[in-house]
Amino acid sequence: MKTVNGKVRKKGKGLSFLYNVATASIAAVPVSAQEAPFIFKLLTADFQSVTVQGQMTYRVAEPESMAEMLNYSLKNDGLTYVSEDPLKLSDISGVCKRPNGR
């Protein structure tokens, strides 16, 4: 996504364009399938220890919404992110899908 003065000018997969670093910013939201491993250590009603592990695969369906929630802006080099928000997505998805253990 390319934004100029806070307004989205271009969006989509595989964009190619020139931009002015002073007035524009680029957000690169991954739209391919991502994987997040998880492990839960739970206690049952009769106090038995249970461990559940697995791997969740997800894909961002609405990149514009994701770019509003987390900061996917790239640095001026065009390769690295400005913040650590992209790393938080797998942490957030693991928390959202956590089962209720009883």
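Modeller: With contact, which means heavy atoms within 4.5 Å. The model here is predicted. Leaving out residues up to four places away in sequence, Met 1 touches Val 8, Lys 10, Lys 11, Ser 25, Ile 26, Ala 27, Pro 63, Glu 64 and Ala 67.

Colleague: Which residues make up the largest nonpolar core?

Modeller: In soluble globular proteins, nonpolar side chains tend to be buried together. In this model the largest nonpolar core has seven residues: Met 1, Ala 27, Val 29, Val 60, Met 66, Leu 70 and Tyr 72.

Colleague: Is Met 56 buried or exposed?

Modeller: Buried means under 20% relative accessible area. Met 56 has 16%, so Met 56 is buried. Met 56 belongs to strand S5, residues 49-58.

Colleague: How far apart in space are Met 56 and Phe 38?

Modeller: Their C-alpha atoms are 7.5 Å apart, while in sequence the two residues are 18 residues apart.

Colleague: And Phe 47, is that residue buried or exposed?

Modeller: Exposed means over 50%. Phe 47 has a relative accessible area of 68%, so Phe 47 is exposed. Phe 47 sits in the loop between strand S4 (34-43) and S5. Phe 47 is not a glycine, yet has a positive phi of about 60°.

Colleague: How many bridges join strand S1 to strand S2?

Modeller: Three, and the strands, residues 2-4 and residues 7-10, run antiparallel. Opposite Val 4 stands Lys 7 in S2. S1 and S2 form a hairpin with two residues between them, and Asn 5 in the turn has a positive phi of about 55°.

Definitions and conventions: Residues are numbered from 1 along each chain as its sequence is written. This is a predicted model: local features need pLDDT of at least 70, side-chain atom pairs count only at pLDDT 80 or more; totals for chains, interfaces and linings use all residues. Side-chain values use heavy atoms; hydrogens and water are left out. Helices (H or I, at least four residues) and strands (E, at least two) are DSSP runs, numbered from the N terminus. Buried means under 20% relative accessible area, exposed over 50%, partly exposed in between (1.4 Å probe, protein chains only). A nonpolar core is a set of buried Ala, Val, Leu, Ile, Met, Phe, Trp, Tyr and Cys residues joined through side-chain atoms within 4.5 Å. Two strands pair if DSSP finds at least two bridges between them.
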